Amino acid sequence: MSSRFRYLIYLDRVNGGQNWTDLRHCAAPTAPGFRGTPLLEPRRLYVIGDIHGRADLLDRLIDRIANDLGGASARDCLTVTVGDYIDRGPAAPAVLDRLAGNPFPTEYVALKGNHEAFLETFIVDPQVAGDWRMYGGRETSYAYGVDVAS
């Protein structure tokens with residue numbers, strides 16, 4: 001693979017360990033599941049973390065990125081969201097709906113955070129509901145009409 005590709009490495013701390021996710025597949029057009037155009041040495045990189053169900057703040061960031069670009073081409077820019085889209089805030093469904101359609105004026109890579117992983121665990125094993133609630137899952141469950149209070 002060409003050294004001209006820019007690689008991102010994401011460190012995710014899960015269960016006290018360190019799991020590195022190599023995002024080379026995001027820039028490698030031959031990788032399985034690749035969708036999009038390879039990004040060669042982006043001139044601008046926007047990294048967003050911890051949205052936590054705040055669609056209002058996400059909308060502001062989308063606008064700020066568009067304003068920052070001004071009239072410049074977004075062709076060589078990349079926005080990366082580093083997870084934690086849900087929990088704590090009141091609008092997790094709105095956040096996920098916006099991000100699913102790439103609201104950014106740039107290429108876009110979305111990474112899964114520990115809150116999304118916890119939701120997946122809850123779906124498979126509802127016995128963890130108490131723990132998930134404690135870490136902000138109550139707001140997400142209410143936003144989807146699910147009561148995990150008991």
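Tutor: The protein has five helices and five strands. The model is a predicted one. From the N terminus, its elements follow the order β-β-α-β-α-β-α-β-α-α.

Student: What share of the 150 residues is buried?

Tutor: Buried residues amount to 37% of the 150. The accessible surface is about 9,000 Å², and 50% of that belongs to carbon and sulfur atoms.

Student: How do you know that the length of helix H2 agrees with its number of residues?

Tutor: Helix H2 covers residues 55–69, which is 15 residues.

Student: Which residues touch the most other members of the largest nonpolar core?

Tutor: This core has 17 residues, and those touching the most other members are Ile 51, Leu 58, Ile 65, Tyr 85, Val 95, Leu 99 and Phe 104. The elements S3, H2 and H3 each give two or more residues to the core. H2 gives the most, with five residues. A second, separate core has five residues, among them Phe 122, Val 128, Ala 129 and Val 148.

Student: Why does Phe 104 count as buried, and which residues does Phe 104 touch?

Tutor: Buried means under 20% relative accessible area. The value for Phe 104 is 5%, so Phe 104 counts as buried. Leaving out residues up to four places away in sequence, Phe 104 touches Ile 48, Leu 58, Ile 62, Ile 65, Thr 79, Thr 81 and Leu 99.

Student: How many aromatic pairs does a search of the whole structure find, and why is the pair of Phe 104 and Tyr 108 called tilted?

Tutor: The search finds three aromatic pairs. In the pair of Phe 104 and Tyr 108, the centres are 5.1 Å apart and the planes make an angle of 50°. Planes under 30 degrees apart would count as stacked and over 60 as edge-to-face, so an angle between these limits makes a pair tilted. Tyr 108 has 18% relative accessibility and therefore counts as buried.

Student: What makes the pair of Phe 118 and Tyr 135 tilted, and where in the chain are the two residues?

Tutor: The centres of Phe 118 and Tyr 135 are 5.9 Å apart, with 40° between the planes, and the pair is tilted. Phe 118 is in helix H4 (residues 114–124) and Tyr 135 is in helix H5 (residues 129–143), 17 residues apart.

Student: Why is Phe 118 called partly exposed, and why is Tyr 135 called partly exposed?

Tutor: The limits are under 20% for buried and over 50% for exposed, with partly exposed in between. Phe 118 has a relative accessible area of 22%, so Phe 118 is partly exposed. Tyr 135, with 44%, is therefore partly exposed.

Methods:
Residues numbered from 1 in each chain as written. Predicted model: local features only at pLDDT ≥ 70, side-chain atom pairs only at ≥ 80, totals over all residues. Heavy atoms only, no water. Helix = DSSP H or I, 4+ residues; strand = E, 2+ residues; numbered from the N terminus. Buried < 20%, exposed > 50% of the residue type's maximum accessible area, 1.4 Å probe, protein only. Areas by Shrake-Rupley, 256 points an atom, 1.4 Å probe, with all protein chains shown as cover. Expected span 1.5 Å × (residues − 1). Core = buried A, V, L, I, M, F, W, Y, C linked by side-chain atoms within 4.5 Å. Contact = heavy atoms within 4.5 Å. Phe/Tyr/Trp six-rings, centres within 6.5 Å; stacked < 30°, edge-to-face > 60°.
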